[in-house]
Amino acid sequence: MSAFVHPSVRRELLEAARPRRTGRVIRVVGLSIEVVGIEAAVGDAVFVHRSTGAVLPTEVVALQGDSLTCMPLGDATRVRYGDEVTTSGRPLPVAVGEALLGRVLDGLGRPIDDGGPLGDCEEVAVEARSPHPLRREMVDRQIALGVRAIDTVIPCGRGQRLGILAGSGVGKSTLLGMIAKGTDADVSVVALVGERGREVQEFITHDLGAARSRSVVVVATSDEPALVRIRAAFTATRIAEWFRDQGAHVVLMADSITRLAMAQREVGLSAGEPPTTRGYPPSMYSLLPKLLERAGAAEHGSITGLYTVLVEGDDMNEPIADAARSILDGHIVLSRRLTTSGHFPSIDVLESVSRLESAITTREQRALSRELRELLAAYRDAKDLVEIGAYARGSNPVVDRALELKPLIDAFLRQDVSEVCGAEDAWAQLRALLTPPDLVDAESVQIAS
């Protein structure tokens with residue numbers, strides 16, 4: 001015989017078991033807002049109802065006893081002690097769909113251009129699992145990026161992840177714009193994380209140009225809250241994943257991973273994490289693989305990831321660059337010395353490497369790339385002797401050939417911002433550059449006969 005429970009008692013029991021969705025603000029310190037009275041998990045959205053009538057979205061970043069530490073996803077001014085807070089018990093979703101092509105979104109996935117409301121889109125969680133390591137397609141095919149120096153000497157595979165390492169002001173954003181215009185990928189997704197507000201319109205108008213129609217741009221400028229800057233990278237990744245799940249081949253470009261790490265440093269230190277190297281908290285080193293591993297080839301479609309790293313003081317071995325290199329499948333180094341000499345794109349070929357070159361290029365292509373590197377290395381080693389007149393022609397045949405071809409090599413590696421060069425054309429130009437004239441004549445005679 002079951003025990004009788006009075007309806008009022010049953011209601012109290014059900015009420016006690018139901019998660020509490022309403023609370024209040026008890027403390028505001030620096031970038032964090034502490035609330036009590038609600039039940040939520042890390043990553044859930046919490047809304048602060050300010051006395052002005054405006055609602056401030058925040059996100060739970062830490063749990064401390066019976067209180068939650070939240071950080072704002074908007075302007076946190078006018079938040080007072082006792083302000084009511086509510087939660088839906090889940091993270092803020094992001095809109096995905098074909099309607100995003102050609103649009104410019106903020107870090108939360110909301111449109112900020114003049115295109116009006118988003119069209120037919122579905123809402124999904126911004127978090128997603130990386131492709132299963134045993135179900136990923138092999139990276140065995142080159143993807144054209146439209147830049148000769150990359151497509152021939154640092155070739156990128158479909159589904160590969162490359163880092164672009166450079167100091168400030170050496171052309172990272174401009175190089176991304178060239179790639180967005182020149183790539184043969186189906187869709188380009190660009191995340192501008194912590195970018196200067198002045199440069200956003202310039203990038204979209206001048207660098208992206210006509211490629212905007214098949215691109216999605218996610219922007220979180222440097223004056224946005226730290227969580228919005230972090231979320232911009234994950235929003236762009238989630239949008240790229242949706243297109244990949246439809247079978248598309250996507251190029252995902254994030255500028256920059258360093259500003260993402262700096263934003264995570266703000267969040268981690270505000271949440272009480274201990275600082276480590278250069279003040280970065282431990283969560284930063286777990287955040288990078290969580291983001292970068294989501295790119296790559298899946299069972300259907302692929303995401304080719306290009307991530308810029310803003311190195312401090314042109315130090316290519318600083319913590320963020322070192323951590324990114326250990327996760328990515330290669331890196332491209334941009335040189336300030338080349339930039340100041342008028343060489344653009346300022347790619348330091350000898351310091352750059354693609355770890356999947358042997359899997360995506362033919363034997364002939366690898367031989368051409370290796371020969372070009374050998375000539376550049378020979379010129380670099382003999383440059384000082386040549387400049388002081390201490391090198392005698394004929395001493396080293398490789399150096400002699402490097403000195404002869406150096407102007408042509410520089411012309412090959414240079415490329416105007418508006419110029420688009422396909423991968424096949426780039427390989428043909430490199431082959432013509434490195435093939436001796438007498439061999440070309442012999443081949444033409446053989447073909448004619």
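The side chain of Ser 283 makes a polar contact with the side chain of Gln 264 at 2.8 Å; a polar contact here is a pair of N or O atoms within 3.5 Å, where within protein one atom must be able to donate a hydrogen and the other to accept it, and residues adjacent in sequence count only if both atoms are side-chain atoms. The model is predicted, and local features need pLDDT of at least 70, side-chain atom pairs count only at pLDDT 80 or more, and totals for chains, interfaces and linings use all residues. Residues are numbered from 1 along each chain as its sequence is written, and side-chain values use heavy atoms, with hydrogens and water left out.

Ser 283 belongs to helix H7, which spans residues 282–292; helices (H or I, at least four residues) and strands (E, at least two) are DSSP runs numbered from the N terminus. Ser 283 counts as buried because its relative accessibility is 17%, the term buried meaning under 20% relative accessible area, with exposed being over 50% and partly exposed in between (1.4 Å probe, protein chains only). With neighbours within four places in sequence left aside, Ser 283 is in contact with Gln 264, Gly 268 and Glu 273, contact meaning heavy atoms within 4.5 Å.

The next feature is a barrel. Six strands close it in the order E1-E2-E5-E4-E3-E6, with antiparallel pairing; two strands pair if DSSP finds at least two bridges between them. From one strand to the next, the twist averages 45 degrees, where axes are lines fitted to C-alpha atoms, for helices over the stretch in contact, and angles run from 0 to 180 degrees between N-to-C directions.

Arg 27 stands opposite Glu 34 of E2, and Val 29 stands opposite Ser 32 of E2. E1 and E2 form a hairpin with 2 residues between them, and in the turn Gly 30 has a positive phi of about 60 degrees. E2 also pairs with E5 in the antiparallel sense, over 4 bridges, and Val 35 has Leu 68 of E5 as its bridge partner.

How many residues of E2 are buried? The count is 5 of the 5, so E2 is largely enclosed by the rest of the structure. In a regular strand the side chains alternate between the two faces of the sheet. Both faces of E2 are covered, with Ser 32, Glu 34 and Val 36 buried on one side and Ile 33 and Val 35 buried on the other.

Strand E12 (residues 215–221) is likewise mostly covered, 7 of its 7 residues being buried. On one side of E12 the buried residues are Ser 215, Val 217, Val 219 and Thr 221, and on the other they are Val 216, Val 218 and Ala 220. Strand E8 (residues 104–106) pairs with E12 in the parallel sense over 3 bridges, and Asp 106 has Val 219 of E12 as its bridge partner. Strand E11 (residues 187–195) also runs parallel to E12, joined by 7 bridges; there, Ala 191 is partnered by Val 218 of E12.

Asp 113 lies in the loop between E8 and strand E9 (122–125). Asp 113 is buried because its relative accessible area is 19%. Its side chain makes a polar contact with the side chain of Arg 103 at 2.8 Å, and a polar atom of that Asp 113 side chain lies 3.0 Å from the backbone nitrogen of Val 104. Beyond neighbours within four places in sequence, Asp 113 is in contact with Gly 102, Arg 103, Val 104 and Arg 212.

Some backbone geometry also deserves attention. A cis peptide bond with omega of about 5 degrees joins Asp 255 and Ser 256, and Ser 256 lies in the loop between strand E13 (249–255) and helix H6 (257–270). Another cis peptide bond, with omega of about -5 degrees, joins Phe 344 and Pro 345. Pro 345 is found in the loop between helix H9 (336–340) and strand E17 (353–354). Arg 78 is not a glycine, although its phi is positive at about 70 degrees; Arg 78 is placed in the loop between strand E5 (67–72) and strand E6 (84–87).
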